[in-house]
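Have a look at the model first.

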Amino acid sequence: MINFQCFNFPFLFSIFTHMKRWTTTNNTVIFRVFEKRSNVYLIVCDSLNILVDTSRKAYYKEITENLKEILDPGFSLDYLILTHTHFDHCENARRLKEEYGCEIIVHKAEADYLQRGASPLPKATMWISRLVLRLQRIFLPEIGQYDPVEPDILIEQDQTPSFCKSLRILHTPGHSVGSICVIVDQEIALVGDTLFRVVKRFIYPPFADQPVNLMQSWNKLLNTPCKLFLPGHGHMIEQEKLTEQYERHTGDR
Ligand SMILES: [Zn+2]
Ligand SMILES: [Zn+2]
């Protein structure tokens, strides 16, 4: 007789999806649910659906349609981990919580921003991002604000969450004070804006409040066994690329 409990249904549904996915040796599956403006990832771990970041409001329908394709039309979300609280990562947090019942996880240092629905824009690290910030302040003075939402679980220190032993959450300040990374099975790291890969050659974020802490966080990531890093914007980054760029930015040759 077939034991249906052996089947991981979310995984079976996902076979037909066009979305990029990665599977760890422990069979935890990570999907890139959305990638246009900023990336949204889904971790399917021990039959729990854990979303990482939410992208912008304009893409809500597309994101939830993609989740229906991966999971099933009546899906629910167990947790939503916010790598940080910039608007392009959490504009859909409140609506997702209301409609899909997920508990929101964020670093304690940015809980206030989420509760207020406003995070300060980060400092620019290069001339092009300085220009972007100036134009935003003139033409989009409201940017950075979003629907406020109450977080459920606050991260205060590096930890393995009780609901999924495959994950480890690391505090990686630099891009913002409460940036966190999610390490999956010690193999793949979801890094938010701690790394960027919009342009192939460069991975340094165009915005960062604390550049010195950012390099310490890169070093922290390099001290994990992870071989692959999935950023909040752009494509995956290999460990070799991070090592090379870390040495370039710290002069540690
Ligand atoms: Zn950001
Ligand atoms: Zn971002």
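The zinc ion (ligand 1) and the zinc ion (ligand 2) sit 3.5 Å apart, with Asp193 coordinating both. His175 is in the loop between β8 (167–171) and β9 (180–184), while Asp193 is in the loop between β10 (188–192) and α7 (211–222), so this pair ties together parts that are 18 residues apart in sequence. Helices here are DSSP runs of H or I with at least four residues, strands are runs of E with at least two, and both are numbered from the N terminus.

A quick word on what you're looking at: this is a predicted model, where local features need pLDDT of at least 70 and side-chain atom pairs count only at pLDDT 80 or more, while totals for chains, interfaces and linings use all residues. Residues are numbered from 1 along each chain as its sequence is written, chains are lettered from A and ligands numbered from 1 in the order in which they are written, and side-chain values use heavy atoms, with hydrogens and water left out.

Back to the metals. A donor is an N, O or S atom within 2.8 Å of the metal (3.2 Å for Na, K and Ca), and sites may look incomplete, as water is not among the atoms.

What coordinates the zinc ion (ligand 2)? Its donors are Asp88 (OD), His89 (NE2), Asp193 (OD) and His233 (NE2), again at 2.1 to 2.3 Å. In sequence they are spaced D-H-x103-D-x39-H. This site links distant parts of the chain: His89 belongs to helix α3 (residues 87–90) and His233 to the loop between β11 (228–231) and β12 (237–238), 144 residues apart. The arrangement around the zinc ion (ligand 2) is irregular too, because its four donor atoms subtend angles of 88 to 157 degrees.

Buried means under 20% relative accessible area, exposed means over 50%, and partly exposed is in between (1.4 Å probe, protein chains only).

Now to the sheet. Seven strands line up as β1-β2-β3-β4-β5-β6-β7 in an open sheet with mixed pairing, where two strands pair if DSSP finds at least two bridges between them. Its edges are β1 (21–23) and β7 (153–155), each pairing on one side only. β1 and β2 run antiparallel over three bridges, with Thr23 bridged to Val29 in β2. Five residues separate these two strands in a hairpin, and Asn27 in the turn has a positive phi of about 70 degrees. β2 also pairs antiparallel with strand β3 (residues 40–45), over five bridges, and Arg32 has Tyr41 in β3 as its bridge partner. Six of the six residues of β2 are buried, so this strand is largely enclosed by the rest of the structure. For the parallel sense, look at β4 and strand β5 (residues 79–81), which share three bridges; there Ile50 stands opposite Tyr79 in β5.

Most residues other than glycine have a negative phi. In the loop between β4 (48–52) and α2 (60–70) lies Asp53, whose phi is positive, near 70 degrees. Ser55, found in that loop between β4 and α2, has a positive phi near 60 degrees. Asp53 is buried at 2% relative accessible area, and Ser55 is buried at 0%.

Finally, α2 itself: Tyr60, Ile63, Thr64, Asn66, Leu67 and Ile70 are buried there. They cover an arc of only 155 degrees around the axis (taken from the directions from the helix axis to the C-beta atoms), which puts them on the same side of α2.

Key. Tetrahedral: all angles 85-135°; square planar, octahedral: opposite > 155°, others 65-115°.
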